[in-house]
Amino acid sequence: MKLITFFKNVSREMKKVSWPKGRELTSYTITVVSTVAFVAVFFAIIDLGITEILNLFFE
């Protein structure tokens with residue numbers, strides 16, 4: 001019985017959610033993908049730099 005009540009409450013709350021429109025969703029998606037790509041490139045460069053510095057000392 002508690003499970004049915006839970007799903008009824010979830011359904012009621014989901015109707016209150018303000019979902020993004022198509023243009024907003026596209027904008028948000030581009031922002032997230034570009035941020036993830038930037039962070040990935042940033043850490044790849046940092047990792048490469050640290051690797052090269054360690055190679056100078058240990059080779």
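Predicted model: local features only at pLDDT ≥ 70, side-chain atom pairs only at ≥ 80, totals over all residues.
**Exercise 1. Find out how many helices and strands the protein chain has, and decide whether the chain is spread out or compact.**

Solution. Helices (H or I, at least four residues) and strands (E, at least two) are taken as DSSP runs, numbered from the N terminus. The protein chain comes to two helices and zero strands. Its radius of gyration, taken over C-alpha atoms, is to be set against the globule rule, which is 2.2 Å times the number of residues to the power 0.38. The radius of gyration is 23 Å, well over the 10 Å that the rule gives for 59 residues, so the protein chain is more spread out than a compact globule. Along its principal axes the C-alpha trace spans about 65 × 35 × 10 Å, and 0% of the 59 residues count as buried.

**Exercise 2. Locate the salt bridge of this structure and classify the exposure of its two partners.**

Solution. A salt bridge is a side-chain nitrogen of Lys or Arg within 4 Å of a carboxyl oxygen of Asp or Glu. A search of the whole structure finds one, and E13 forms it with K16, the closest N and O atoms being 3.3 Å apart. E13 is partly exposed because its relative accessibility is 45%, whereas K16, at 58%, is exposed.

**Exercise 3. State what UniProt places at residues 25-46, and describe the secondary structure of the chain there.**

Solution. The UniProt record, an unreviewed entry, places the feature "transmembrane region" at residues 25-46. Its positions are given in the numbering used here, feature names are shortened, and annotations may be inferred rather than shown by experiment. Over residues 25-46 the chain is 100% helix and 0% strand, with the end C-alpha atoms 32 Å apart.

**Exercise 4. Describe the aromatic pair of F38 and F42, and then identify the cluster and the nonpolar surface patch that include F38.**

Solution. Begin with position: F38 and F42 both lie in helix α2 (residues 22-58), four residues apart, which is about one turn of the helix. Their rings are 6.4 Å centre to centre with 20° between the planes, and the pair is stacked. F38 counts as exposed because its relative accessibility is 59%, while F42, at 41%, counts as partly exposed. Next, ring pairs link F38, F42 and F43 into a cluster; F43 is placed in helix α2 and is exposed, with a relative accessible area of 51%.

Patches are made of residues with over 30% relative accessible area and no salt bridge, like charges being joined within 9 Å and nonpolar side chains (Val, Leu, Ile, Met, Phe, Trp, Tyr) within 5 Å. Accessible areas come from the Shrake-Rupley method with a 1.4 Å probe, and for residues only the protein chains shown count as cover. A nonpolar surface patch of about 1,200 Å² includes F38, V39, F42, F43 and L56 among its members. V39, at 37% relative accessibility, is partly exposed.

Conventions: Residues numbered from 1 in each chain as written. Heavy atoms only, no water. Buried < 20%, exposed > 50% of the residue type's maximum accessible area, 1.4 Å probe, protein only. Phe/Tyr/Trp six-rings, centres within 6.5 Å; stacked < 30°, edge-to-face > 60°.
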